[in-house]
Amino acid sequence: MDKIEQLRREIAEKEAELVQLRAQLVDAEKLSAGIENDKDEGEGEWKWPLAESDYERYSRQMIVPNFGLQGQLNIKHAKVLLVGAGGLGCPAAAYLAGAGVGTLGLVDGDAVEASNLHRQVAHSTDRVGMMKVDSAVTYLKGLNPTITYRAHATHLTPQNAEEIVSQYDLVLDCTDHPTSRYLISDICVLLSKPLISASAFQTSGQLIVLNNPPGKGPCYRCVFPKPPPPESVIGCGEGGIIGPVVGVMGVLQALEAIKLLVRGDHLKSRAGDEEAVKQVGMLLFSAMGDVPFRTVRMRGKRKGCFACAGDDSALTLNELKTSMDYIQFCGVNQPVKLLQPEERISVVEYERISRESKTHLLLDVREKEHFGLSNIRGSINIPIGRFTAHRGEGSELSDLIPGDVPPDAPIYIVCRVGNDSQIATKKLKDLGVDRNGERFIGDILGGLKAWKAAVDPSLPFI
Ligand SMILES: [Zn+2]
């Protein structure tokens, strides 16, 4: 394993070195092309607005009706920032680089992991461990070495947001958490940048173009004034995601960006153009639905919006930098504390109980897909939803406890990290299954994560 780690590190270092060298090569090529262009102009040989190689590279999109040379020039002079170089950011960046966006910036503070690769198509197996922005730029330079890339190897924060976002004309939110969505929207409002926001979860996704034109279109807070409850927010790592679902959403983000840039929306707004604001729609994608794509019409700006109500708004650049706490605003998912210490046992204790093969029941309350990948031998899967949906006394108890267990056998409950297991334990006690303490019911502290760490490291997935 050490050897593998060492090789991965060495490859990542070499890749980073290659990124540097490629950047130097592109700069040198640009310099040399610039000198040749000047010479051409001087001799009157090349009098077209794009380089010869650009006509070759971009002609297939330039000949599309309403795109044309002007569309290409608008794209070439645009600077686009993608926040997040993951499932949305990889395909979005690939299409924007391919289309010839002049400057492409990527912000991401994470490194590539093997579990990213099924959907984050700009990364690769030999770049696991490398910063995502460097890995993505390596891929993008292979695709189109003629444009400028800026890698910001950091998370976007209230402190660095102004400095980073102010360098660009248009922003794509390719992140996966509400805290970053509100921050990105707020900074785009304050700096007058249009924002293309997308998200994806499991088999569905959504997409909306915000603050377009800046100051006139709604912002993220207009659409979602309140964050979702923290317990409902599950990252893609835990909730799961189908690769092409997030891929579709990233590709649609790139498409909206290209439409916006070709039309020149980002230029009009600066000139104070008083064009009517188009109706804003939110695109909903459901991969398993009968109707995969739907658009919901949105109301425009919300009166008195915290961020975008102009003079009435409470938000300023200084306020954002010094006193906005997005984590607090979105709420913190507190660990569940429902049980007393004597109602909980450690994984080591449970391991002893299972070795002594005393009659007992071990319920695993994770979702069945999780259970199907790895579980403790002898455990029975009853997903937590069955406990929370149980209507209480009078309803069938066999939904929660298999019928063939002696009525005095102790019941142990396990989940991923030890939160849901407490909820399930409490529910059984509320239903009187413990007969006022005669029968032991308790959960396993730290769940399967602790089990893998202390007892069985071979469990393949938690
Ligand atoms: Zn707003």
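Which exposed residues does the face of helix 14 turned away from its buried side carry? They are Val348 and Arg355. Exposed means over 50% relative accessible area, buried means under 20%, and partly exposed lies in between (1.4 Å probe, protein chains only). Helices (H or I, at least four residues) and strands (E, at least two) are DSSP runs, numbered from the N terminus.

This is a predicted model, where local features need pLDDT of at least 70, side-chain atom pairs count only at pLDDT 80 or more, and totals for chains, interfaces and linings use all residues. Residues are numbered from 1 along each chain as its sequence is written, and side-chain values use heavy atoms, with hydrogens and water left out.

Stay with helix 14, residues 347-355. Val347, Tyr350 and Ile353 are buried there. Seen down the helix axis, the buried residues fall within an arc of 115 degrees, so they line one face of helix 14. That arc is taken from the directions from the helix axis to the C-beta atoms. The buried residues pack against strand 9 (344-345), strand 10 (361-364), strand 12 (411-414), strand 13 (441-444) and helix 18 (447-454). Contact here means heavy atoms within 4.5 Å. Just after helix 14, Ser357 takes a positive phi of about 40 degrees.

Now turn to the cysteines. An unreviewed UniProt entry places the annotation "binding site" on Cys219, Cys222, Cys305 and Cys308. These four span 90 residues in sequence, yet no two of their C-alpha atoms are more than 8.6 Å apart, so they gather at one spot. UniProt positions follow the numbering used here, feature names are shortened, and annotations may be inferred rather than shown by experiment.

Cys219 sits in the loop between strand 6 and helix 8. Its relative accessibility is 1%, so Cys219 counts as buried. Leaving aside neighbours within four places in sequence, Cys219 is in contact with Ser185, Val189, Leu210, Cys305, Ala307 and Cys308. Cys305 lies in the loop between strand 8 (293-297) and helix 12 (317-323). Cys305 is also buried, at 3% relative accessible area. Not counting residues up to four places away in sequence, Cys305 touches Cys219, Arg221, Cys222 and Ser313.

The backbone deserves a look too. Pro213 lies in the loop between strand 6 (204-210) and helix 8 (220-223). The peptide bond from Asn212 to Pro213 is cis, with omega near -5 degrees. Ser192, in the loop between helix 7 (178-190) and strand 5 (195-201), has a positive phi near 55 degrees. At 44% relative accessibility, Ser192 is partly exposed.
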